[in-house]
Amino acid sequence: MPTTARADEFADCVANLQQQALASGVPQATVEGPLAQVQFVPKVIELDRRQPEFTQTFAGYFNGRVTDWRVNRGRELLQQHRPLLNRLVVEYGVPAQYLVAFWGLETNYGGYLGKMPILDSLATLACDPRRKTFFTAELFQALHLLSEPGIKPPLFGSWAGAMGHTQFMPSAYRRYARDGDGDGAADLWGSIPDALTSAANFLQQLGWQRGLRWGREVILPPNFDYATAGRGNKQPLTHWRELGLRMVNGERVPASEIEAAVLVPAGFEGPAFLVYDNFAVIMRWNRSEFYALSVGHLADRINGAGTLQVPAPETQPRLSILQVQELQEKLNQLGFEAGTADGILGPGTRQAIRDFQKAHNMVADGYPGETVFKALNISLP
């Protein structure tokens with residue numbers, strides 16, 4: 001569609017959004033001012049449509065995020081902001097190293113907050129059919145945000161509307177942002193105390209359990225049944241202890257009724273993790289297992305822990321989206337329910353792979369390795 005035609009449609013859409021905004025309680029001055037002045041941004045649509053050609057391996061994702069620089073800088077900031085972080089631990093129950101780890105992964109400790117005008121981005125996405133309802137709601141939340149103390153346009157952030165040191169969407173900003181420096185405003189762009197206080201409040205509200213860690217790397221016994229891995233199979237730590245799971249220092253995992261699941265994100269050749277309920281809280285922030293594992297391990301490293309005992313394997317191939325779609329289609333055809341063939345290696349697809357592997361006497365780790373692709377007659381790069 002030509003840009004001029006899109007601009008004409010956008011003007012009509014904004015006029016409609018103005019009526020909806022008024023009906024939803026957005027102040028008239030905001031509707032006639034900032035909302036009336038929004039601009040269509042073609043780059044936002046381009047970024048929204050840009051799908052990766054290849055899926056990312058665990059090693060590629062993890063090693064690109066848990067870097068020595070990010071660990072060392074995180075340790076510096078942990079000490080620099082220790083009084084604030086200690087207060088947040090007492091008030092919200094989230095240990096300091098996790099708050100710093102989220103900060104590091106979201107914006108590289110404030111190194112990049114995003115340069116896109118938020119209202120323009122959200123209005124552009126609200127006028128696009130793909131996720132119109134979601135972004136219309138976020139646009140209205142951003143407009144309401146302009147009435148908050150200390151918040152003035154223009155607002156800048158990511159192309160999708162996330163803002164500040166902790167990359168909050170407008171709805172999260174309005175619901176969870178807190179004033180951490182006592183100046184009467186919650187400024188996630190300019191105030192590190194506000195940003196970290198807001199992150200602590202967000203995690204507490206998401207269900208963070210005080211005194212419980214995210215999980216830990218573990219060493220699996222040689223006879224481990226990989227079919228029991230996955231977040232869908234939570235068992236008490238005593239269960240995993242009886243099966244012979246050990247911590248990286250060689251000791252058996254604790255005897256406890258705390259429930260945990262085993263994750264093997266790179267298959268049986270890579271590292272293994274026991275993850276607890278707080279891991280699920282991290283995933284409510286970002287729905288990626290790779291992200292949650294990176295946050296947890298980065299937090300541990302910032303707090304003084306060493307690198308993984310079993311490193312993420314670097315030799316695993318990157319799979320194309322089309323290859324994963326073909327994998328899903330063939331699994332579905334054979335009766336192993338992988339769900340919609342969307343090219344995403346989610347938990348449903350991994351369970352289908354695990355079931356297929358078990359039926360064909362393979363190591364049922366749920367990882368789409370070379371043996372799985374060969375058995376399904378799918379070519380690898």
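Guide: One term to begin with: two strands pair if DSSP finds at least two bridges between them. Helices (H or I, at least four residues) and strands (E, at least two) are DSSP runs, numbered from the N terminus.
Visitor: And where does the model come from?
Guide: This is a predicted model, where local features need pLDDT of at least 70, side-chain atom pairs count only at pLDDT 80 or more, and totals for chains, interfaces and linings use all residues. Residues are numbered from 1 along each chain as its sequence is written, and side-chain values use heavy atoms, with hydrogens and water left out.
Visitor: What's the strand order in the open sheet of 5 strands?
Guide: The order is E4-E6-E7-E3-E5, and the pairing is antiparallel.
Visitor: Which strands stand at the edges?
Guide: Strand E4 (235–236) and strand E5 (246–247) do. Each has a single partner strand, so one side of each is left without a neighbour in the sheet.
Visitor: How many bridges join E3 and E5?
Guide: Strand E3 (residues 215–219) pairs with E5 over 2 bridges, in the antiparallel sense. Ile-219 stands opposite Arg-246 in E5.
Visitor: New topic. How many disulfides are there?
Guide: The structure has 1 disulfide (a pair of cysteine sulfur atoms within 2.5 Å). Cys-13 and Cys-127 form it, with their sulfur atoms 2.0 Å apart.
Visitor: Where do Cys-13 and Cys-127 sit in the chain?
Guide: Cys-13 is in helix H1 (residues 3–23). Cys-127 is in the loop between helix H8 (118–126) and helix H9 (132–145). The pair links distant parts of the chain, 114 residues apart.
Visitor: Is that link of Cys-13 and Cys-127 left-handed or right-handed?
Guide: Left-handed, with -95 degrees about the S-S bond.
Visitor: Are Cys-13 and Cys-127 buried or exposed?
Guide: Cys-13 is buried, and so is Cys-127. Buried means under 20% relative accessible area, exposed over 50%, partly exposed in between (1.4 Å probe, protein chains only).
Visitor: What about rings? How many aromatic pairs are there?
Guide: A search of the whole structure finds 22. Rings of Phe, Tyr and Trp (its six-membered ring) pair if their centres lie within 6.5 Å; planes under 30 degrees apart count as stacked, over 60 as edge-to-face and the rest as tilted. Phe-134 and Phe-135 form an edge-to-face pair, 4.9 Å centre to centre, with 80 degrees between the planes.
Visitor: Why does Phe-135 count as buried?
Guide: Because its relative accessibility is 2%. Phe-134 counts as partly exposed, at 42%.
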